[in-house]
Amino acid sequence: MTYSERDIPDLSGKTAVVTGATGGLGYETARMLAVHGARVILAGRNAEKGRKAISDIRTVAANADIAFELVDLGSLASVAALSDRLISAGEPLDILVNNAGVMTPPTRKITSDGFELQFGTNYLSHFALTARLLPLLRASPNARVVSLSSVAARQGKIDLSNLQSEPYTPMVAYGQSKLACLMFAFELQRRSQANNWGVTSLAAHPGVARTDLIVNGMGEQNPAAFARRYLTFLFAPVPQAALPTLFAATAADAVPGAYYGPKGLMEVRGKVGVATTPNAALDVALAQRLWDETEKLTGVPFPGTVRAA
């Protein structure tokens, strides 16, 4: 389909939270939401970057209603603190974009809670954030949650006996975390329907974007990082790569429970369309078991939920 920033509707009166919004895909997502009238909360772990992101957005949208909120997705306590602040403010939440992520650190690292860094940051904390913000999402008449997956999810495998990736292989752990994000998006839609939450859950992936995620994760000497630095034509411009997320978050014809991404060669870049769903992500029984295990790991259950039939 032909979809561009110009197709984003007027979002006046809507409130959005975007994690990892101080740079890369998260910044472009937040910028486009703000330019089209949404009140946008940029959630990130670096206040200085947050101030710069706000300043940069206001150079193109002087009256943008934007604010920065501190959160470290490597800490469930930080996620809880952010959620408490937003709950206390009491404003309905129309759009939640679970965007922030880390990719393939060369050696195994852990979050402050002891989880493997990619699984904890990319998946567990976003699960917990969504669960905690569910009352605000339900207070909106048409709330959407967009969870970011990756083309790496195609090679992902959910190993319930080894969710913390020991021994550690960087891309295996990353693929598992992003497959988990995708399965969460699908299961959240099923449970929203079963429990009458009125919340629409979708997933998106950006293809391969010209962000610093690869370099920051893999280090300068990795071949993929070299390609990112010197073969930029292979990668999608960041504003283009953010469009599947914006489509899922705002388009009137986005389908609940769908998965969107670029439709070019190998889904690396291109026009927005329905993304290829890995077969593993369609395993409903495994998704339910992963959900149950995630509630145990995070200690954050979704209130009053029953499984979809």
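Buried means under 20% relative accessible area, exposed means over 50%, and partly exposed lies in between, with a 1.4 Å probe and protein chains only. The views below show a predicted model, in which local features need pLDDT of at least 70 and side-chain atom pairs count only at pLDDT 80 or more, while totals for chains, interfaces and linings use all residues. Residues are numbered from 1 along each chain as its sequence is written, and side-chain values use heavy atoms, with hydrogens and water left out.

**View A. Salt bridge between Arg154 and Glu267.** A salt bridge is a side-chain nitrogen of Lys or Arg within 4 Å of a carboxyl oxygen of Asp or Glu. The closest N and O atoms of Arg154 and Glu267 are 3.3 Å apart. Arg154 lies in the loop between strand 5 and helix 6, and Glu267 in the loop between strand 7 (259-262) and strand 8 (272-274), so the pair ties together parts that are 113 residues apart in sequence. Helices (H or I, at least four residues) and strands (E, at least two) are DSSP runs, numbered from the N terminus. Glu267 counts as buried at 5% relative accessibility, whereas Arg154, at 33%, counts as partly exposed.

View B. Side chains of opposite charge can pair when their charged atoms come close. A search of the whole structure finds 11 salt bridges. One of them joins the side chains of Arg31 and Glu28 (2.8 Å, N to O). A network of salt bridges links Glu5, Glu28 and Arg31. Asp56 has a relative accessible area of 27% and is partly exposed; Lys52 counts as exposed at 51%.

View C. Asp94 is found in the loop between helix 3 (76-89) and strand 4 (95-98). The side chain of Asp94 reaches the backbone nitrogen of Thr15 at 2.7 Å. Asp94 also makes a side-chain to side-chain polar contact with Ser140 (2.7 Å). A polar contact is a pair of N or O atoms within 3.5 Å; within protein, one must be able to donate a hydrogen and the other to accept it, and residues adjacent in sequence count only if both atoms are side-chain atoms. Leaving aside residues up to four places away in sequence, Asp94 touches Gly13, Lys14, Thr15, Ser140, Asn142, Ala143 and Arg144, where contact means heavy atoms within 4.5 Å.

**View D. Strand 5 and its pairing with strand 4 and strand 6.** Five of the five residues of strand 5 (residues 144-148) are buried, so the strand is largely enclosed by the rest of the structure. Arg144, Val146 and Leu148 point one way from strand 5, and Val145 and Ser147 point the other way. Two strands pair if DSSP finds at least two bridges between them. Strand 4 pairs with strand 5 in the parallel sense over four bridges, and Leu96 stands opposite Val145. Strand 5 also pairs in the parallel sense with strand 6 (residues 200-204), over five bridges. In this pairing, Leu148 stands opposite Ala204. From strand 5 the chain crosses through helix 6 (residues 170-195) to strand 6 in a right-handed β-α-β crossover. Right-handed means that, with the strands pointing away from the viewer, the path from the first strand over the helix to the second runs clockwise.

**View E. Gly26 in helix 1 (residues 24-35).** Gly26 is buried, with a relative accessible area of 0%. Not counting residues up to four places away in sequence, Gly26 touches Val18, Thr19, Gly20, Ala21 and Asn99. Gly26 and Leu42 are 16 residues apart in sequence, and their C-alpha atoms are 8.4 Å apart in space.
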